[in-house]
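Hi everyone, thanks for coming. Today I'd like to walk you through one protein chain, step by step, so please have a look at it with me before we start.

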Amino acid sequence: MARVIEVRVPDIGDFKNVPVVEILAKAGDTVEIDQSLLIVESDKATMDIPSPAAGRISELRITIGETISQGDLIALLEVEAQVEPANIPGLGRSPDHRPEIRPTGSNDCELLVIGGGPGGYSAAFRAADLGLNVILIERYPTLGGVCLNVGCIPSKALLHVAAVSEEAERLSAYGVTFAAPDIDLSKLRYFKSVTVGRLTDGLGQMAKMRKVDFVQGEARFTAADRVSVDLSNGLSREITFSKCIIAAGSSPVALPVFPEDPRIVNSTGALELPSIPRRMLVVGGGIIGLEMATVYSALGARVDLVELFDKLLPGVDRDLVKIWQKRNAHRFDRVMLATKVSEVGLTPDGLSVTFEGTESASQIYDMILQAAGRKPNSGSLALEAAGVRVEGGIISVDREMRTNVDNIFAVGDIVGQPMLAHKAVHQGHVAAEVAAGRKTGFDAKIVPSVAYTDPEIAWVGVTEDEAKAKGLAVEVSRFPWSASGRAIANGADYGLTKLIFSKESGRIVGGAIIGPAAGDIIGEVCLAIEMGADAVDIGKTIHPHPTLGETIGMAAEVAEGVCTDIPPQRGK
Ligand code: FAD
């Protein structure tokens, strides 16, 4: 038995009243499901309108040149009684499926973005806002990349819990004592996952609102205008593009000395909170190592830390690191600097680790976190097929974020240090704008860094150590938080705000802060550097009192010799 269904124009995005330029079937024809019935063309794109089911066209209701919009009747189709129209939006069920859109010029999209992290989604969204037709490929089911899924956000959720529980403990010195924390790991994991889920779901929604086509799969280049994508359903698909932005990010470095063992994890494994080890070794004294050491120690682990260099947090001035180490001494049994792991033995009792350097005795651990850096994900993209140049895994780009291949851009971790989300986002915007024909470039003077530990350390621009090493003529001003009413009230009088000014121009060129919320208040220093402010600009700006941010204004006053919150400054 046959029945007749109406074939209507499906959801074709924002297009309305688009002219029919070609009709590919006529009354009486037998058509297959998904077979193109007609082609419409706007000033931006050509689109196929496919048949929602197999059957025989009994009547065509459109003519060439006629304009059509979503919902208009195209044809009457005789189908077998049991046949259901397929997943064609406007007719069928799946809201995710959209008809194939080919921009004029016959590529699948105007802009292809590879990687759904901060660099990739920011580029895709900006480009869509500028009117480009965008496909975004990500190998995992959610957007957000490392930052949202296994980096910035889950680590900050856990660091928040660590900071609040340790702050609560410290209150006993002021006469308010709480019971020791009772940790429910599964609830904590749930809090972390819900935090991540809210953000990644939000990104998914925003991609839909912008009509960015999300394709889940792993892409590799086959030429400078196409990729082959291994889809999550096991099939593969070729996608052609006019322009492409590579935002494929980075992955943790795995040191060869560490064997495969579930007790040896990287940051992703550590953020899963598999258990709270009694004895933990953190390998790497950079931001990620120190943040994870903070989390696990607050949850009850005893932590040792080993670092190949002779200092923690390379790139941060020694005076700040000294304060940090003093405040964090209780966390660590051993901090082994200028030391490396030379051997790891797997025993049922634990992981037996031998060191080479300042420490040589073997130690047994229940968990090891490898946080020894990250490497760009350039290896699996077959960049050579597109002719994109890579050096040491890093894709080199110019000011417009363009690679050596004219229509291919790259942003974020894959273009090298600093590997930070906010840098990736800004680069993503630049690449998208250039791809859309705007004149712009990535000309940020500075990229700030923050260790969200307890206390936080934030730094930006020229450091004092760097100025000394390079012989730069700078003026360094310090405001100790022991002179800040708010810091004293908050139990944070150990903090420090330091500003660095060029002697030649008088303008601020750097700054560093240690103390609670350092990462939040460093933004003012970033703005001051970008705006070319001098000490008078910052010091004469009225900061609210009493705040920790006020210490930036006061450090500027110290540079001018006009600060009345510290003893008189001789010679100023
Ligand atoms: P990623 O976020 O790495 O995204 C790249 C995406 O590309 C990934 O989702 C990947 O699956 C996908 N991909 C790769 N290859 C392919 C392919 N062939 N096909 C399809 N998809 C592909 N930065 C901060 O600024 N602040 C922080 O507090 C902070 N904390 C961090 C904490 C941890 C534990 C870690 C590990 C990192 C942290 N970072 C932080 C760094 C930050 O996460 C990265 O700098 C940022 O995610 C880089 O963004 P991206 O878009 O370049 O790449």
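Let me begin with a word we will need: two residues are in contact if their C-beta atoms, placed from the backbone, lie within 7 Å. Keep in mind, too, that this is a predicted model.

Taking the contacts in the chain with a separation of 6 or more, 65% are between residues 24 or more positions apart. The chain has 572 residues, and 43% of them count as buried. Its C-alpha trace spans about 95 × 60 × 50 Å along the principal axes. As for secondary structure, there are 14 helices and 32 strands.

Let's turn to some helices. Find helix α3, residues 152-170, and helix α4, residues 185-209; the two pack at an angle of about 135°, and their axes are 9 Å apart. Angles from 65 to 115 degrees count as roughly perpendicular and those over 145 as roughly antiparallel, so α3 is oblique to α4. The crossing of α3 past α4 is right-handed. Which residues of α3 and α4 make the contact? On the α3 side they are I153, P154, A157, L158 and V161, and α4 brings L188, F191, K192, T195, V196 and L199. Sorted by class, this contact of α3 with α4 holds nine nonpolar residues, one polar and one charged.

Helix α3 also has contact with another helix. With helix α6, residues 287-298, α3 packs at an angle of about 50°, with the axes 9 Å apart. That makes α3 oblique to α6. Here α3 passes α6 in a left-handed crossing. From α3 the contact uses S155, L158, L159, A162, S165 and E166, and from α6 it uses E291, T294, V295 and A298. The classes for α3 with α6 are five nonpolar, three polar and two charged residues.

On to the strands. There is an open sheet of three strands in the order β20-β21-β22, with antiparallel pairing. β20 pairs with strand β21, residues 350-356, in the antiparallel sense over seven bridges. If you want a spot to look at, K340 stands opposite E356 in β21.

Strand β3, residues 30-31, runs antiparallel to strand β6, residues 55-60, and two bridges join them. T30 has R56 of β6 as its bridge partner. β6 also pairs with strand β8, residues 73-80, in the antiparallel sense, this time over four bridges. There, L60 has A75 in β8 as its bridge partner.

Most residues other than glycine have a negative phi, and most peptide bonds are trans. With that in mind, look at D454 and P455, which are joined by a cis peptide bond with omega about 0°. P455 sits in the loop between β28 (449-451) and β29 (456-461). H545 and P546 are joined by a cis peptide bond too, with omega about -5°, and P546 is in the loop between α13 (535-539) and α14.

Next, phi. L273 has a positive phi, near 50°, and belongs to the loop between α5 (267-271) and β17 (279-283). L313 has a positive phi as well, near 45°, and belongs to the loop between β18 (302-306) and α7 (318-328). Are these two leucines buried or partly exposed? L273 has 18 other C-beta atoms within 10 Å, so L273 is partly exposed. L313 has 23 C-beta neighbours inside 10 Å, so L313 counts as buried.

Last stop: A559, in helix α14, residues 550-560. A559 counts as buried because there are 26 C-beta neighbours inside 10 Å. Leaving out residues up to four places away in sequence, A559 touches E475, S477, L499, F501 and A535. By contrast, A559 and I395 are 41 Å apart in space, C-alpha to C-alpha, and 164 residues apart in sequence.

That's my tour, thank you!

How values were computed: Residues are numbered from 1 along each chain as its sequence is written. This is a predicted model: local features need pLDDT of at least 70, side-chain atom pairs count only at pLDDT 80 or more; totals for chains, interfaces and linings use all residues. Axes are lines fitted to C-alpha atoms, for helices over the stretch in contact, and angles run from 0 to 180 degrees between N-to-C directions. Angles under 35 degrees count as roughly parallel, over 145 as roughly antiparallel, 65 to 115 as roughly perpendicular and the rest as oblique. A crossing is left-handed if the near helix is turned anticlockwise from the far one by less than a right angle, and right-handed if clockwise. Ala, Val, Leu, Ile, Met, Phe, Trp, Tyr, Cys and Pro count as nonpolar, Asp, Glu, Lys and Arg as charged, and the others, Gly among them, as polar. A residue is buried if 20 or more other C-beta atoms lie within 10 Å of its own, exposed if 12 or fewer, and partly exposed in between; C-beta atoms are placed from the backbone. Two strands pair if DSSP finds at least two bridges between them.
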